[in-house]
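Please open the model in a viewer and keep the selection panel at hand.

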Amino acid sequence: MCGIVGYVGEKQAQAVVIEGLRRLEYRGYDSAGIALVDGGAVAWQKRAGKLANLEKAIVDEPLALSTTGIGHTRWATHGAPNDANAHPHLGRGGRLALVHNGIIENFVELRTGLENAGHELASETDTEVAAHLLELELDAGADLTTAMQRVCCRLEGAFTLVAIDATDPSRVVAARRNSPLVVGLGEGENFLGSDVAAFIEHTREALELGQDQVVTITREGVSVTGFDGSPSEGRRYHVDWDLSAAEKDGHDWFMRKEIYEQPRAVADSLLGRRTPSGALQLDEMRLSDEELRDIDKIIIIACGTSFYAGMVAKYAIEHWTRIPVEVELASEFRYRDPILNASTLVVAISQSGETADTLQAIRHARLQRSRVLAICNTNGSTIPRESDAVIYTHAGPEIGVASTKGFLTQLVACYLLALYLAQVKGTRFGDEITEVMDQLDSMPAHIQTVLDDEAVYALAREHVGTRSVLFLGRHAGYPVALEGALKLKELAYLHAEGFAAGELKHGPIALVEDRLPVLCVVPPQGRDQLRDKMLSGIQEVRARGARTICLVEEGDESIEPYADVLVRLPKVPVLLQPLVAVVPLQLFACELATALGHDVDQPRNLAKSVTVE
Ligand code: F6R
């Protein structure tokens with residue numbers, strides 16, 4: 001949510017910053033702006049709308065050449081997405097330019113103080129207040145680093161701030177609290193970004209920053225302090241993907257590319273998880289076997305698609321370990337006064353590792369002495385850093401705003417966690433665990449089979465003009481139905497709802513009308529009780545005129561009489577079925593949104609990595 005870029009070095013900052021913003025645009029596309037240090041002044045430009053509008057403005061009115069600059073792509077919180085509220089924001093005298101991600105919670109009080117002192121603010125944003133305060137510090141003689149430290153001590157809330165001072169082209173200064181910021185380490189140049197995509201074409205060496213730190217980058221180096229000015233440091237790491245992973249690679253959308261990357265992402269997330277003797281190992285599991293054996297309850301917290309991965313995890317963990325599992329929306333968790341103690345394991349699932357609701361939930365859990373394990377795709381992000389243990393997924397960067405390969409690899413991590421707990425607690429025999437691991441190892445090939453069947457494209461295109469779609473599932477297929485509906489809502493802007501098939505008759509069946517498309521995730525054969533109940537649900541909606549589109553295992557003929565359309569899935573166990581069943585639903589949403597002419601990678605009102613509560 002909001003993308004931030006900073007650069008100081010030998011190259012033209014404008015090109016570096018604009019390219020960085022292009023790679024971060026998925027974090028927000030309400031407006032974009034740039035500021036450069038230009039011989040004692042700040043040169044800047046900003047425009048509402050997508051980055052292309054800013055680029056056009058720069059062509060019309062070129063900025064000066066400079067090797068020091070900052071940039072911003074916005075997801076609006078305070079103030080409408082117009083030119084005035086776009087970042088950068090300037091201090092009163094125009095000496096300082098600032099970009100910001102997050103929310104400064106005490107900005108009203110600070111703004112009143114500034115206005116009483118005669119400041120006129122040009123925008124409705126919380127950010128401009130910080131710009132004025134910083135410039136006041138500079139005018140009082142502080143350098144930009146000291147000014148940033150002092151101002152941060154006065155701010156409440158969540159913020160990443162990145163600033164330049166017109167009188168000092170040698171540095172860019174940034175600060176972070178509860179909001180993401182990483183440093184890119186180059187030769188004779190250094191970078192700042194909301195995430196590493198901002199500078200991946202220049203360097204794969206990065207510095208992860210801690211909470212409440214100020215960082216100063218110059219050509220020569222990087223220095224880190226606390227808000228109180230005390231020396232501090234970040235954690236250096238190497239980014240394990242390169243520029244090609246952040247390109248569309250011939251696809252029309254990042255999302256489509258990411259859907260097709262899923263066999264590889266799943267395989268990578270399974271890699272190296274078994275010792276030569278066949279036992280499961282999780283490298284980043286920093287909790288001892290003893291600690292894990294003490295766990296008597298698991299609470300999974302997550303948002304959106306990651307929450308649905310958590311719902312699938314509940315089935316797997318309870319089945320394989322017999323440990324009771326609750327799944328909770330991260331945004332609700334703290335407010336219900338959850339019962340937690342040292343034997344509760346809280347599992348936080350987050351692709352980005354920066355989701356504010358999830359972050360606040362794990363902080364709450366840790367205050368109650370619970371151990372926290374993160375399942376995360378982003379090295380260097382806040383949630384794994386603040387957790388006791390982590391299982392990293394290896395999906396590579398997910399740039400499409402709608403999560404796809406993030407979801408599948410989260411499922412893999414959840415299965416691994418469940419099996420690992422079963423191994424440690426002895427609730428499953430070694431050969432049972434090996435059997436599931438072998439089944440997991442065959443999943444990339446099964447996912448590929450689903451991807452190779454392109455019939456779902458034509459099916460999606462038939463639904464241009466449809467206003468409402470329902471999704472039904474049972475057991476592990478229920479979260480798949482919810483995920484299918486979420487994908488369709490966020491990409492095609494349609495009314496789409498997922499239901500547990502058994503619930504239908506308790507109310508939602510009233511929605512069914514003639515020709516209403518109902519996508520049904522049918523449990524595999526072998527779980528006949530479940531399948532038979534699903535069949536009843538399908539018959540009930542069909543009897544009321546629905547058009548049933550059934551995702552059903554190959555070789556299962558029993559559904560045919562009740563399906564208007566059959567989408568075949570490979571034969572896999574019921575607990576692993578979400579890994580294949582969700583793929584046609586992803587393709588369906590992507591293709592339908594494309595046919596409707598929507599921007600699939602940047603759906604309206606959304607942004608990736610939701611860093612505000
Ligand atoms: C939906 C989607 C979101 C995210 C949610 C959590 O396609 O992408 O619902 O799943 O915002 O994000 P993370 O996993 O980064 O915490």
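Predicted model: local features only at pLDDT ≥ 70, side-chain atom pairs only at ≥ 80, totals over all residues.

Against which strands do the buried residues of helix 18 pack? They pack against strand 21 (468–473), strand 23 (517–521) and strand 24 (547–553). Helices (H or I, at least four residues) and strands (E, at least two) are DSSP runs, numbered from the N terminus.

Residues are numbered from 1 along each chain as its sequence is written, and side-chain values use heavy atoms, with hydrogens and water left out.

**Stop 1: helix 18**

Select helix 18, residues 528–543. This helix has 16 residues and spans 22 Å from its first C-alpha to its last, close to the 22 Å expected at 1.5 Å a residue; the expected span is 1.5 Å times one less than the number of residues. Next, colour L530, R531, M534, L535, G537, I538 and V541, the buried residues of helix 18. Buried means under 20% relative accessible area, exposed over 50%, and partly exposed in between (1.4 Å probe, protein chains only). An α-helix has 3.6 residues a turn, so residues three or four places apart point the same way. On the other side of helix 18, Q529 and A543 are exposed. After the helix comes G545, with a positive phi near 100 degrees.

R531 counts as buried because its relative accessibility is 9%. Leaving aside neighbours within four places in sequence, R531 is in contact with V522, P523, P524, Q525, D556 and S558; contact means heavy atoms within 4.5 Å.

**Stop 2: helix 7**

Move to helix 7 (residues 262–270), where Q262, P263, A265, V266, S269 and L270 are buried. Viewed down the axis of helix 7, the buried residues fall within an arc of 165 degrees, so they line one face of the helix. Their cover includes helix 6 (254–260), helix 13, helix 14 (430–441), helix 15 (443–452) and helix 19 (578–595). Helix 7 is followed by G272, whose phi is positive, near 70 degrees.

**Stop 3: aromatic pairs**

The structure holds five aromatic pairs. Rings of Phe, Tyr and Trp (its six-membered ring) pair if their centres lie within 6.5 Å; planes under 30 degrees apart count as stacked, over 60 as edge-to-face and the rest as tilted. Select Y7 and F191: the ring centres are 5.2 Å apart and the planes lie at 45 degrees, so this pair is tilted. The pair links distant parts of the chain, with Y7 in strand 1 (residues 3–8) and F191 in strand 10 (residues 190–193), 184 residues apart. Both Y7 and F191 are buried.

**Stop 4: charges over rings**

Finally, select W44 with K46: the charged end of K46 sits over the ring of W44, 5.7 Å from its centre. Then select Y29 with K50, which lies over the face of Y29, at 5.4 Å from the ring centre. A charge sits over a ring if NZ of Lys or CZ of Arg is within 6 Å of the ring centre and within 35 degrees of the ring normal.

Technical notes:
Arc of directions from axis to C-beta.
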